Amino acid sequence: MHPHRRPLRDRHGGRARANFNLVAPLPSAFAEGTDMRTADTSGQLDLFGDRDASGAVSPLIGRQDAGLRRGNIDSANDRSSTPTTPTTPGTRTSATATRTTGTRTIGTGVARSADRNDAVFSYARVLEAWLACRRNKRSTASARAFESRLEENLTELRDAFLNGSYTPGRSICFVITRPKPREVWAAPFRDRVGHHHLYLAVAERFERAFITDSCACIPGRGTLYSARRLEAKVRSITQNWKRPAYYLKCDLANFFVSIDKNKLRDLLAARIHEPELMDLAERILFHDPRVDVDVQSPPERLALVPPHKSLNNQPTHLGLPIGNLSSQFFANVYLDVLDQHVKHRLRARHYVRYVDDFVLLHESPAQLNAWRLEIEALLAERLAVRLNPSKTVLQPIDRGIDFAGHLIKPHRRSIRPRTVRATLQRVAAMPAEDLYEAGNSYFGLMRQASHSHNDRAQLARLLLARGHAVNRQLTKTYRRTS
């Protein structure tokens with residue numbers, strides 16, 4: 001006993017019995033087993049980041065080289081009644097499942113768990129996809145028909161996801177003429193629910209890797225976000241319009257009908273590791289809407305679409321249908337290759353992309369030209385798309401940048417003049433009963449610009465001439481009274 005340390009005493013004054021911790025350091029062999037157990041347990045997470053009960057690893061018992069764990073000899077009735085099977089610490093064994101769909105083999109080398117499959121396609125997730133899908137479509141006839149037999153339709157769709165029998169249905173094809181003629185291939189409401197289900201399941205993992213300057217089909221990153229983002233970069237590179245600089249604006253030629261589905265499939269597989277979700281993604285991606293389609297536009301309207309922009313003239317492995325959430329999401333995944341190259345290979349600080357339009361800023365026009373050549377080589381090699389030479393612009397920034405519906409000029413950002421002219425023409429010709437909703441919608445669009453007073457004044461004068469009142473701030477119109 002230490003000479004200066006008093007002996008322990010109990011409450012009656014006698015010497016107390018000392019309690020010692022008899023835990024000794026682990027030998028090296030058991031220490032290695034403990035490290036392996038820690039690595040094993042930390043890796044067993046389920047699809048949603050929770051600890052997988054089936055992957056829990058109990059403490060080692062007996063000799064380390066025997067590889068026995070207490071969980072290996074547990075039984076529901078007797079903890080020692082089940083024969084032990086030696087295993088290697090730190091590893092798990094599982095069966096390999098392979099499922100073949102058409103000519104493609106899906107899910108090879110990965111065990112398909114029934115519980116995990118139920119979690120991926122649970123009723124709650126299918127219901128969430130339906131709620132997201134109907135948010136702006138509830139008044140349509142297809143949405144009302146689906147909702148009239150909601151429980152039956154959701155159950156049938158979930159069962160099709162579970163057993164792998166899901167097949168996209170009949171599409172609707174029509175042509176829009178504003179801002180220019182384009183084919184739209186609208187999927188039926190049932191398939192739109194499937195698109196939302198896939199998007200809600202995998203979008204977050206992709207969007208976390210997207211650069212901040214990638215816009216469109218990302219929550220909070222619409223046309224206003226992209227225009228403001230570009231305006232901030234312009235002010236940065238020009239020191240608030242005090243220094244000269246140049247911009248390179250590019251557009252991809254026939255982008256949606258030129259997307260290579262096989263290349264896109266590889267990009268999706270890099271982050272979708274669940275065979276069930278990858279199966280759904282492939283069924284949506286490789287579905288050819290031209291096989292079963294209801295064409296709702298007359299031939300003369302279909303003829304307005306240039307042949308090189310029509311999906312009908314593309315081979316099977318090329319082209320995504322415009323009009324579906326899945327196509328917009330797939331396009332972002334496809335062009336993420338371009339975004340990563342520009343930011344991390346070219347080291348371009350000032351770059352913004354909205355769908356297939358993108359802008360680069362720099363003080364030197366020679367540097368922008370060099371970047372353009374590298375981008376053209378990347379697009380041809382990795383994505384099999386090309387730039388549209390007629391829409392590739394290189395000029396000083398102070399001449400104005402037309403991007404995402406906005407025109408950015410020194411110290412101001414306004415709505416594109418062509419958009420303002422089209423707005424005034426439509427308001428002048430539309431029926432009186434539509435003026436209230438349309439007028440307020442156009443006021444809201446114009447208010448997105450930092451300098452829009454003159455545009456809103458023109459719209460206000462037109463609404464006043466047609467009998468509607470407008471507030472003093474030129475931001476709102478009111479219903480016409482009898």
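**Reading the model**

Author: Phenylalanine 121 is buried, with a relative accessible area of 1%; buried means under 20%, exposed over 50% and partly exposed in between, with a 1.4 Å probe and protein chains only. This is a predicted model, in which local features need pLDDT of at least 70 and side-chain atom pairs count only at pLDDT 80 or more, while totals for chains, interfaces and linings use all residues. Residues are numbered from 1 along each chain as its sequence is written, and side-chain values use heavy atoms, leaving out hydrogens and water.

Reader: What is the mean pLDDT of the protein chain?

Author: pLDDT is the predictor's confidence in each residue, from 0 to 100. The mean for the protein chain is 82, and 75% of its residues reach 70 or more. Over residues 1-5 the pLDDT is below 50, and this stretch has 2 contacts beyond near neighbours in sequence, a contact being heavy atoms within 4.5 Å. Residues 16-112 also have pLDDT below 50, with 117 contacts beyond near neighbours in sequence. Where pLDDT is low, the predicted coordinates should not be read in detail.

Reader: How many aromatic pairs are there?

Author: A pair of aromatic rings is described by the distance of the centres and the angle of the planes. Rings of Phe, Tyr and Trp (its six-membered ring) pair if their centres lie within 6.5 Å; planes under 30 degrees apart count as stacked, over 60 as edge-to-face and the rest as tilted. By this rule the count comes to 8 aromatic pairs. One of them joins phenylalanine 121 and phenylalanine 161, which are tilted, at 5.2 Å centre to centre and 35° between the planes. Phenylalanine 121 is in the loop between α2 (114-120) and α3 (123-133), and phenylalanine 161 is in helix α5 (residues 150-163), 40 residues apart. Helices (H or I, at least four residues) and strands (E, at least two) are DSSP runs, numbered from the N terminus. Phenylalanine 161 is buried, with a relative accessible area of 5%.

Reader: Why is the pair of phenylalanine 206 and phenylalanine 329 edge-to-face?

Author: The ring centres of phenylalanine 206 and phenylalanine 329 are 5.5 Å apart and their planes are at 85°, so the pair is edge-to-face. Phenylalanine 206 lies in helix α6 (residues 189-207) and phenylalanine 329 in helix α12 (residues 325-345), so the pair ties together parts 123 residues apart in sequence. Both phenylalanine 206 and phenylalanine 329 are buried. Ring pairs link Tyr199, Phe206, Phe329 and Phe330 into a cluster.

Reader: Which strands are joined to β6 by bridges?

Author: Strands of a sheet pair through backbone hydrogen bonds, either parallel or antiparallel. Two strands pair if DSSP finds at least two bridges between them. Strand β6 (residues 246-251) is joined by 6 bridges to strand β9 (residues 357-362), running antiparallel. There, leucine 248 stands opposite leucine 360 in β9. Another 4 bridges join β6 to strand β10 (residues 393-396), again antiparallel, and tyrosine 246 stands opposite proline 396. Of the 6 residues of β6, 5 are buried.

Reader: In what order do the strands of the open sheet stand?

Author: Its 3 strands are in the order β11-β12-β13, with antiparallel pairing. β11 (401-403) and β13 (412-415) stand at the edges with a single partner strand each, so one side of each is left without a neighbour in the sheet. Between β11 and β12 (residues 406-409) there are 3 bridges, and isoleucine 401 has isoleucine 408 as its bridge partner in β12.
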